[in-house]
Amino acid sequence: MIGMRYQGHQHRFVVFLILWITWGCGTDRPDAGGGDEVVFELQDSPVNSPLYTYADSIQLKAALASFQLEPGLRIELIAAEPLVIDPVAFAFDENRVLYVAENRGYPDPAEGGTSTQLGRIARLEDRDGDGKYDHRTEFATGLTYPNGIMVWRGGVFVTCAPDIYYFKDTNGDGVADVKKVVLTGFNADKTAQIRASHPTLGLDGWVYVTGGLNGGSVTSPEHPDRAAVTLSSSDGRFHPDTFEFQTTGGRSQFGLAFDPFGRRFGTSNRHPLQHVVIEPWQLARNPHLTFNRTTQDVAKPEAEATVYPISNAVITADFIPKLIGLSHKGTFTSACGPVLFYGTALKPEHVGNAFICEPAQNLVQRQVLSPDEVSFRAQRAYENREFLASTDSWFNPVFLGHGPDGAMYLADMYRKVIDHPSYVPESAREGLDFVSGKDKGRIYRIVRKEFNQANPSGEQTGSLVLPFEDPVALLGSADEWERSVAHRLLLEASDTRTMSQVSDVFHKSERPESRARALWVLQSMRALDVKHLEKAFIDSNLGVREQAVILSGQLASDHPELVRPLIAATEDDEMRVRFLASLELGSLTGEEIMGALAQVAVRDGANPWSRSAVLSGIGGQLPEYLQVFRLMESADSPAFPVMMQELGALVGNSASWQDCRELLQDMLGSSGDIRWRMATLLGLLGGLEGRKIAPVDLGLASALDNTPLSDRELTSRREFVAEVVRIGLNESEAVSVRAVAVSLLGYAPFQWVELELGQLLKPHHPTEIQLAAVKAIAGVDDPGAAELLLSADAWSSFTPRVKSAVVAALVSRRATVQQLLSAIADQVVAPAEIPSMVRQRLMSDGLPAIRDKAASLFHDLEGGGRMAVFEEYLGVLENPSDPVLGKQVFEKNCSSCHTYAGQGGQVGPDLTGVKNQPGDALLLHTLVPNYEVLPAYQAISIQTKDGRTLAGWVAAESDQSITLRTAYGTDEAVLRSTIASIHHSGLSLMPDGLEQTMTKEELANLIGFLKSGGIEP
């Protein structure tokens, strides 16, 4: 979580407060009706309990009075210091006992050193049943940085990297006497913010955890014979009884949540909500598939993830040069602790909404989810205000959860400075107070205004009468917390005597959430039969049908009669059911299966998730599937050419020489629409290129042919290429179709297409077409090809993005590197236009001719004097600047990689909001981009087995492939099996020496524009 800079804090006790803010103008948003102004009422709930009085209750009342909460609701304090200190996660057991992970040692030492042992697990009781906690015991002490907790079998799992602990009190004194490590090996080498967390029980009975973006090598001391499981930056799960550990989809930092139908969501600092769409073990079924994404942003990320704080908190990026491109006031910078709310104590319109904490800016945001093909999308519930915000900059909400009485509960770490010192320059740390608040912390609950607390005991004191004597009945509850606790208790008991009752819940409950849980409870009892699933397949609710598909996939090998309804599910009205059905069918074989998957591809293949679901399951049946899919050719289906390109790539990646040759001949000679035939050939030849099967110099002319072509064959291929050229140049064709055609020209003999490729570089063509032409030209093994890209006229007409593409393409092959160096020596290309990591790689190349020439050309830029240049240019900050002219400088020099105010590329960090940076920080990172490079944007270079070199930062990866975001904004996926070596430079893709491409006046104007916040056209 990126936090805030030091601010003075003064407690305020407000006797009466009414705040008015302007509502967003759009009336099509949820809650948009009801006028243009919203009245926020004073939060004035009692803080004391009959059994407990806070000595500092006036200060606690002041904190309540500082809240601005959505009208019609109220927020209540249920625990505060000293009953709870530094809460970062909590969990209620079935007796309403509240277990709290207290991260008292946070922040851990900035520069390493000895970890503290201040972390604790608190056990809180509400002994009079008024909803406020009045008794504490120290359940577990001596921990480093505990950050997650989950109840299981009378005890709790606690994430505390490098370990996951299990604690249990067996003698009833409120203190754990069982303390054991059940899993270990989670990395703890980064800050306490970047660690595994959020143990959460899924419908399937596994406990899911976030990886904290930190990874590890996970083992169980309980099972020393098991091999370690390597965890990269992905999330994971473990079985709570056997402690088997597996990696899962998702790359969550501090936040994980399920909806009632088992759909999993995560979060990271600038990505408020992500849906885990597919699992890595599903993608791994096809080792030749390059697709490696597992999550989709549900909420708008980064610069579009707007928030509306009322505290005037100063966030780290406002004043720390290191974070110039990371986090910005007015957008999410520390998204964490989400919950998808399905309780009963708020209003009906809140059910199904996502609530996300933003501690750095002292607020909680509400977002409304809606279906989006196979996933979901979310939008803010309203504009210009938040669900919950505070004027108190010490308010740091970090965790949300369901709990008793259908309420939503919130953990407030309550610190003066929530940020970690590792994200603050050493010179600035003395001015920040990382200590104040280490003795404080609060837990709140949020309910509708008319909510009445029911006293479960009917008395002020004494033991409570609790509702979980019959957990089966509570499977049918309207409240998610009661349903989830009932589910856990039934899993723990594994009492087969309740099977018929659970079955009745499935058959009779009016709540789809209850029917879904009942299916999984039956599965855990091994009592789920085919009749249950047959009924679930025709359920009126989408979520229940999803469970039928997933569970049938698990049982189909033992119950082949489930294959038929699974195939039928590929024709469901809902795309998500069809998607899940194709995933499950991908583990089965047979002609009928291939036919069903082909139908899904034709219908839904334009969606990348659906396409990848199908492709993941045909690895061992590619020829059979291709034959079936070809029969479904349809010029009206936008999915058909996209799928054929993917299938061509799979053939090129994995099939025999003969099969590849037959497909090529078929595509050249077929009477089918040329658009999908082009796409198929592009995929095929691209796949072959990585295997060094297709001769690059001849490509389409004689690829895969063992003997010279006849005149007739050669004429036929020239006619095919001519038709491809016609489509590529046809400006009335869709850009996507033209791009395929232009890319395919890179495999034609250069003399056939030289003139046309040169025309496609002209600036009147769309950027996508120019980029495709650059890539096609650079791949041709002919000296004249690179000359097209490096002529003075062509180079001067290229936009920065196209120039970046040319450089990236030319340095990918040694044959063209020397031509690029010659163009630099001839002053056609400026040395500063080459990224530093590329310059350094060329200066250490194994070929002396390249190494020596690069050293000569780049000596001034790589001579270690960049800070001297920065000092020399500091004077420009004293010059007057014109932001309007600075916008032009930005568009010319920066917009190909960076977005600002919603415009630009997505290669480097989004610069929206850097107006709060001091001018010298902006100048520093403009002139010395490698001063400090955020880990996410550190470039790596990949050398492939066929001699290519690709550079970029890792956009996604799996066990099968790596996807790089290149300097010109495209994503390049590379199968690991084709990689010869990987080098992590730690450098930026941004070039040094930008001062050589602009005058001091232009540089001053650029800084002025960046500090302007954006200039309206």
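Two strands count as paired if DSSP finds at least two bridges between them, and strands here (E, at least two residues) and helices (H or I, at least four) are DSSP runs numbered from the N terminus. This is a predicted model, where local features need pLDDT of at least 70, side-chain atom pairs count only at pLDDT 80 or more, and totals for chains, interfaces and linings use all residues. Residues are numbered from 1 along each chain as its sequence is written, and side-chain values use heavy atoms, with hydrogens and water left out.

**View 1. Strand E6 and its two partners.** Five bridges link E6 (residues 98-102) to strand E7 (residues 119-125), and the two run antiparallel. On the E5 side (residues 87-92), E6 also pairs in the antiparallel sense, over five bridges. Look for Glu102: it faces Pro87 as well as Arg120 in E7. E5 and E6 make a hairpin with five residues between them, and Arg96 in that turn has a positive phi of about 70°.

**View 2. Both faces of E6.** In a regular strand, side chains alternate between the two faces of the sheet. Here Leu98, Val100 and Glu102 sit on one side, Tyr99 and Ala101 on the other, and all are buried (under 20% relative accessible area, 1.4 Å probe, protein chains only).

**View 3. Helices H25 and H27.** The axes (lines fitted to C-alpha atoms over the stretch in contact, with angles from 0 to 180 degrees between N-to-C directions) of H25 (residues 814-825) and H27 (residues 848-858) come within 10 Å and cross at roughly 30°. So the pair counts as roughly parallel (angles under 35 degrees).

Conventions:
Buried < 20%, exposed > 50% of the residue type's maximum accessible area, 1.4 Å probe, protein only. Parallel < 35°, antiparallel > 145°, perpendicular 65-115°, else oblique.
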